Amino acid sequence: MLIFLLFVMAFLYSFQSLFTRIYAANYAGPDKTESTAVFSVCYGLFIAFTSLAANGFSFRPSWQTWLFGLLNAAVLFLYNNSMIEAGSRGSYAFMMIFCMYGGILGPALVGTVFLDEQLTGLQIFAVILMLASLVVMNLKGISFKGNTGAYYIWCILLFIANGLYGVIMTLQAEVMKGAERAEMLTILFALSAVTAAAVEIARKRGKKLAEGFHMGKRAALSLLVCGISATAAVNLLMYILPQMESSILYTINNGSGLVLSILYSLILFHERPRKDQIVGMVMAVASIVLIEI
């Protein structure tokens with residue numbers, strides 16, 4: 001049952017990524033540069049409210065959950081901005097490899113060193129195979145031409161942010177023994193929304209942010225579907241975390257998400273599959289099978 005829920009979570013995260021892409025392509029606000037801030041505010045408030053509502057509007061967080069929520073709100077803000085800034089400066093494929101490596105290696109390192117997570121030799125091989133598959137699946141899209149130093153700095157920040165996000169989620173679940181999940185999500189996403197808005201106001205772009213919510217029907221619908229998918233996915237993540245080693249969870253989640261994203265591109269955007277993509281997806285699936293043994 002737990003493995004089934006894990007794959008449902010991976011599907012929901014990949015669905016979130018798909019509709020984030022559709023949102024960005026259809027954003028029709030007067031100032032395109034506000035699309036990220038508008039997304040962060042709407043996305044954060046939606047998940048915070050729905051998580052709180054699902055908990056019967058009960059909100060009694062401990063100081064530890066407040067701390068973890070505050071820290072991860074800052075990390076999520078860094079993640080969103082790093083994703084946009086790196087994506088606008090250079091190779092998307094190289095950026096995604098950095099992102100997913102951070103999401104796998106960060107929790108795996110903390111789990112092994114601090115949480116006494118024990119991986120078998122076969123599972124360690126499976127993690128290495130998954131890391132290799134991420135490179136193979138993105139191989140043709142990797143480009144180093146025209147990339148500036150700022151691009152690589154944002155990629156490194158994205159690596160750090162995605163790793164820290166998983167680490168903080170894992171630590172909250174470990175410290176609180178799986179309790180206060182709704183409180184954690186409410187604090188995390190409400191604060192991330194407030195932070196995004198506050199930064200725009202501090203930059204004297206508050207009026208442009210307000211105008212940016214006139215995004216068009218397609219972008220708004222995409223954002224709504226993205227929010228629903230993300231809410232379900234992150235609540236499943238918080239439910240599964242106390243019951244599974246984080247290194248295994250994040251390896252399967254990141255690898256499955258990328259495989260599904262490629263499949264979406266092939267099916268929905270009529271892209272032809274490349275040999276390296278097929279080989280990479282086979283490697284990722286093999287990794288998932290091995291890591292479950």
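Trp63, Leu67 and Leu71 together form a nonpolar patch on the surface, with about 340 Å² of accessible area. This is a predicted model, in which local features need pLDDT of at least 70 and side-chain atom pairs count only at pLDDT 80 or more, while totals for chains, interfaces and linings use all residues. Residues are numbered from 1 along each chain as its sequence is written, and side-chain values use heavy atoms, with hydrogens and water left out.

**Surface patch**
- Such a patch joins nonpolar side chains (Val, Leu, Ile, Met, Phe, Trp, Tyr) within 5 Å, taken from residues with over 30% relative accessible area and no salt bridge, a salt bridge being a side-chain nitrogen of Lys or Arg within 4 Å of a carboxyl oxygen of Asp or Glu.
- Accessible areas come from the Shrake-Rupley method with a 1.4 Å probe.
- Leu71, found in helix α3, is partly exposed at a relative accessible area of 42%, where partly exposed lies between buried (under 20%) and exposed (over 50%).

**Cavity**
- The structure holds 1 cavity of 30 Å³ or more, a cavity being a set of points on a 1 Å grid where a 1.4 Å probe fits but cannot get out.
- The largest cavity has a volume of about 40 Å³, the volume being the space filled by probe spheres set on the points.
- Its lining, made of residues with an atom within 4 Å of a point, includes Ser40, Phe77 and Ser192.
- Helices α2 (35-54), α3 (63-87) and α7 (181-202), which are DSSP runs (H or I) of at least four residues, each supply at least two residues of that lining.

Terms used. 1 Å grid on protein atoms, 1.4 Å probe; cavity = no way out; pocket = protein on both sides within 12 Å on 5 of 7 lines; lining within 4 Å. Patch = residues over 30% accessible without salt bridge, like charges linked within 9 Å, V, L, I, M, F, W, Y side chains within 5 Å. Buried < 20%, exposed > 50% of the residue type's maximum accessible area, 1.4 Å probe, protein only.
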